[in-house]
Amino acid sequence: MAMSVGRRGLVHLRASASRLASGSAPAPRLAAAPIFRQPALAVAAAARPYVTVVKYQREDVLEKLNDFRAEVFSTNWADYLNLVYNVPFWESELDKLTSIVQPYLHEDAVGKKFSEVQELMDVLYQCEDVRDHLNELAELCTRASGFMGTGWAAEEKVDNMDAHAALCAEAYEAILVKHPKFKPKIEQTIGHGLAVLRQKHKFKWGTMHRYFF
């Protein structure tokens with residue numbers, strides 16, 4: 001055993017000497033740097049950011065504004081379920097239109113059309129609020145009359161129904177004066193709502209004759 005170990009050592013020494021003599025010494029190995037010590041430049045170079053800008057032409061902006069106004073104006077505002085479904089999408093589209101219209105607001109045609117769209121949405125919100133209140137008042141009147149109007153299982157009546165009806169009529173008149181261009185939509189929502197409430201509670205307002213009251 002000692003003899004074999006000595007021979008192996010002698011062979012190893014001879015091989016090392018021959019490599020040194022020939023000048024072909026093995027290149028030293030470089031230890032890899034830890035990940036936290038590696039330069040961040042390589043990581044930054046690997047990430048390729050993607051940035052895009054969508055620019056709409058003037059004609060495209062006008063077309064989108066016209067389409068949006070036509071869609072909202074032609075919808076039945078008196079159908080509350082229709083508004084529940086569609087208003088969130090209209091609001092999202094309006095946010096988009098507000099962004100893409102900015103480069104052309106200084107132009108008369110684009111600025112005027114965008115103002116009409118903003119007024120349209122303002123009138124929609126006002127009419128929706130008043131009509132919802134009228135619907136709630138009408139529902140309370142129905143419940144106060146009992147089961148099928150027989151008085152059985154009737155709920156409490158609204159004591160100040162006259163005041164509520166008068167306030168709704170005043171809001172109806174004020175919106176008509178402020179937004180005369182949207183009279184068909186105001187009549188469709190608040191006007192018809194007042195007529196429905198008039199069938200359940202007796203009160204007066206300016207245009208009640210249009211519904212034969």
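Predicted model: local features only at pLDDT ≥ 70, side-chain atom pairs only at ≥ 80, totals over all residues.
Figure 1. The protein chain contains seven helices and zero strands, so that, read from the N terminus on, its elements run α-α-α-α-α-α-α. Of the 213 residues in the protein chain, 30% are buried. When contacts between residues at least 6 apart in sequence are considered, 66% of them join residues at least 24 apart.

**Figure 2. Helix 5 with its length and the residue that follows.** Helix 5 covers residues 108-144. Beyond the helix comes Gly-146, a residue whose phi is positive, near 85°.

**Figure 3. Packing of helix 5 against helix 7.** Helix 7 comprises residues 183-198, and its axis and that of helix 5 come within 9 Å and cross at roughly 15°. Because angles under 35 degrees count as roughly parallel, helix 5 and helix 7 are described as roughly parallel to each other. The crossing in which helix 5 passes helix 7 is left-handed. On the helix 5 side the contact involves Val-123, Cys-127, Val-130, Arg-131, Leu-134, Leu-137, Ala-138 and Cys-141, and these residues meet Ile-186, Gln-188, Thr-189, Ile-190, His-192, Gly-193, Leu-194, Val-196 and Leu-197 in helix 7. Sorted by class, the residues of this contact of helix 5 with helix 7 comprise 12 nonpolar, four polar and one charged.

**Figure 4. Packing of helix 5 against helix 6.** Helix 6 is formed by residues 161-178, and its axis and that of helix 5 come within 11 Å while crossing at roughly 155°. Since an angle over 145 degrees counts as roughly antiparallel, helix 5 and helix 6 are roughly antiparallel to each other. Their crossing is left-handed. From helix 5 the contact draws on Gln-126, Val-130, His-133, Leu-134, Leu-137 and Cys-141, and from helix 6 on Met-161, His-164, Cys-168, Ala-171 and Ile-175. The contact of helix 5 with helix 6 has eight nonpolar residues and three polar ones, with no charged residues. Val-130, Leu-134, Leu-137 and Cys-141 of helix 5 take part in this contact, and they are also among the residues of helix 5 that meet helix 7.

**Figure 5. Packing of helix 4 against helix 5.** Helix 4 (residues 80-100) packs with helix 5 at an angle of about 155°, the two axes lying 12 Å apart. That angle makes helix 4 roughly antiparallel to helix 5. The crossing of helix 4 and helix 5 is left-handed. Leu-83, Val-87, Trp-90, Glu-91, Leu-94 and Thr-98 represent helix 4 in the contact, where they meet Phe-114, Val-117, Met-121, Leu-124, Tyr-125 and Glu-128 in helix 5. By class, the residues of the contact of helix 4 with helix 5 are nine nonpolar, one polar and two charged.

**Figure 6. Surroundings of Glu-116 and Arg-69.** Glu-116 belongs to helix 5 and, because its relative accessibility is 16%, it counts as buried. Neighbours within four places in sequence being left aside, Glu-116 is in contact with Arg-69, Lys-181 and Phe-182. Arg-69 is placed in helix 3 (residues 58-74) and, at 25% relative accessibility, counts as partly exposed. With residues up to four places away in sequence not counted, Arg-69 touches Lys-113, Glu-116, Val-117, Leu-120 and Phe-182. The C-alpha atoms of Arg-69 and Trp-90 are separated by 10.0 Å, the two residues being 21 residues apart along the chain. Asn-66 also lies in helix 3 and counts as partly exposed at 35% relative accessibility. Between the C-alpha atoms of Asn-66 and Glu-116, which are 50 residues apart along the chain, the separation is 9.8 Å.

**Figure 7. Lys-202 and Met-161.** Lys-202 lies in the segment after helix 7 and is exposed, with a relative accessible area of 58%. Lys-202 and Met-161 are 41 residues apart in sequence, whereas their C-alpha atoms are 9.6 Å apart in space.

Note on methods
Residues numbered from 1 in each chain as written. Heavy atoms only, no water. Axes fitted to C-alpha atoms, helices over the stretch in contact; angles between N-to-C directions. Helix = DSSP H or I, 4+ residues; strand = E, 2+ residues; numbered from the N terminus. Parallel < 35°, antiparallel > 145°, perpendicular 65-115°, else oblique. Left-handed = near helix turned anticlockwise from the far one by under 90°. Contact = heavy atoms within 4.5 Å. Nonpolar A, V, L, I, M, F, W, Y, C, P; charged D, E, K, R; others polar. Expected span 1.5 Å × (residues − 1). Buried < 20%, exposed > 50% of the residue type's maximum accessible area, 1.4 Å probe, protein only.
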